Amino acid sequence: MEWIAQISQYLLSGLANGSIYGLIGFGFTIIYNATGIINFAQGEFVMLGGMLTVFLLQLFPLPLVLCIGMAIGTTLIIGILFERLAIHPLKNASPITMVIITIGASILMRGLAMILWGKDTHPLPPFSGDEALALGKATIMPQHLWILGLTVLILILNRLFFHHTIYGKAMRACSVNPRAASLAGINVKTMVLLSFAISAALGALAGIIIAPLTMTSYDVGIMLGLKGFCAAIIGGMGSGMGALLGGIILGLLESLGAGLVSAGYKDAIAFVVLLVILFLRPGGLMGKGEMERV
Amino acid sequence: MTVAIILAISAPAIGAEDVKLGALFSVTGPPSFLGEPERNTAQMMVEKINKAGGVKGKKLELIVYDTQGDPTKANQAADRLIKEDKVVAIMGPSTTGETMAVIPLVEKAKIPLISCAAGIKITEPVKKWVFKTAQNDSLAVEKIFKHLKEKGVNKIAVLTVSDGFGASGREQLKLHAPKYGIEIVSDDTFGPKDTDMTPQLTKLRGSPAQAIICWGTNPGPAVVARNVKQLNLNIPLYMSHGVSSKKFIELAGPAAEGIILPSGKVLVADLLPQKDPQKKHLLSFISEYKARYKTEGDHFGGHAWDAVMLIKNAMEKAGFTPVAIRDGLEQTKNFSGIGGVFSFSPEDHAGLTAEAFVLVQVKNGRWSLVK
């Protein structure tokens, strides 16, 4: 029965890592929906969340929860500043220009973080102990439960926000057709700003909840941003649920690939499956296809 | 970005009589954890020598270029050191790849090079103008295998990082295992940026391995240590000298407990017996580095300490021309440095034995010597 234990461990590990990828991918979709651009600085929000928490904890003798709140708040402000200083002034720039600006911004943020906090890797204490829990024949860290729990919570909040509040509905309207939304009296610029604020905060949260497991450093954003981007693409750019699903698929593929085949090939396996999915469904698993783009 | 930057020119008054030493360190870029302490140490030691009156009355001038871990940049910077700065000897580069890119240049220009990288191919086969201070990976591997053999372990699992350091470690592990009657029953890798190694470790649970050897540099091995604890694998975990620093204990937390690894002596300098020939230098290096840079001196900085002091030693004995320095280096015998006791010869330009390493174990969140 050894293989059942092994498979269940692979599945659990994949699920937990996948949720993180999904959460980061989620941030990509929110900005994409509001502006049509892919924000390659999303990974840096993830880095900022983790690094700010580590350094707030060192600076002030405050409880972890407060530091986490402050780190998310600070990242949210950085997200707003980023939009105001780099995205907003470009009135009618093409999406490709804006995408390149986000890449530039990500390099800037990473560089500043390196100068400010150095190049070391930093640990963050786990939220509730580091005794592994046994789940059937597999083991899981309490931190994994936090990750899964917060991911579900964010999904629910997201659903409530985008479907049951006036701001959420306005943001969805912008994603369908910004011009029509603007004619209907929605301030599209405000919605863009709001989208940056929300995805910065979401990214920061993702960065904080994984830091106790994976540790954090100034350059974690590159890898995690890429994984989140993949998650968003598999799920269909623009679909929040899709990004989460995409993330979990990616996480499972990686962990099964590493476990059953070879760790050396796990990225290759994950990306081959990605390509197959995109060949079969170019719009992603939950994408709306291209018909809106007339 | 393409032009290497002059990071430091020490010695305020540069006279015509000064001796110019070149240094290539990856102060930035991925191997900055090597290059930064190396640059710091080299500067500190050159200043110290100058303050004490220089070498036979001549002041040293240190010219450092940042290679950013890039062999192409290392090659360009070496060219500049040789042709424009006209240095008499070069320290560094920090990594094996960069060193290999620089070797043809120094061999042609006949300038002695003391590499701070560990790769065995730097000095095997012996190149006339090339020496190195970092301990060969094979010495660390043999140190672990000797210990395993004493413990009666003959089946091991190997988990290495998929970069240059891990690949070299994996090669040496495979090469030396048969000599000690050890069989590698599982051989897997992880990416340098991977954040979860439970799949690799879960796979290993089904194997007959009696010990795991993990070869990598931070942060990967810390994740491995945490995952081993999470999965409750009840077999001993060994690491490489790549993580022999306080940082590793900080990163791995309680999961570091009990891990054994080979390390340069700098990590446990205060625990060494009084008769250890390196103890005096180790303690002075640690306290001077701490006083100046506010962080712990590590064995990476030690590679540069050894390079500077070996060159100084060679100049005192043989003279100040590149040829004299090279000959002086080759004649060095029983030189106690930070990385070990160096004895070079025409057949051996690495100069160290397995005595350069000690086995250390994490106990109660601190390093301790394994007897």
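Chain A has an average pLDDT of 88, and 97% of its residues score at least 70. This is a predicted model, in which local features need pLDDT of at least 70 and side-chain atom pairs count only at pLDDT 80 or more, while totals for chains, interfaces and linings use all residues. Residues are numbered from 1 along each chain as its sequence is written, and chains are lettered from A and ligands numbered from 1 in the order in which they are written.

Next, pick helix 2 (residues 42-59) of chain A, where confidence is highest at a mean of 95, then helix 11 (residues 266-280) of chain A, where it is lowest at 83. Helices here are DSSP runs (H or I, at least four residues), numbered from the N terminus.

Now select residues 290-294 of chain A, where pLDDT stays under 50. Where pLDDT is low, the predicted coordinates should not be read in detail.

Move on to where the chains meet: 24 residues from chain A and 28 residues from chain B take part in the contact (C-beta atoms, placed from the backbone, within 7 Å). On the chain A side, helix 1 (2-35), helix 8 (188-214) and helix 10 (240-261) each give two or more residues. Helix 1 of chain A gives the most, six residues.

Finish in chain B, with domain 1 (6-136 + 280-353) and domain 2 (138-269 + 356-369), whose bounds come from an automatic or database domain assignment. Their C-alpha centres lie 29 Å apart.

Note on methods
pLDDT = per-residue confidence, 0-100. Contact = placed C-beta atoms within 7 Å.
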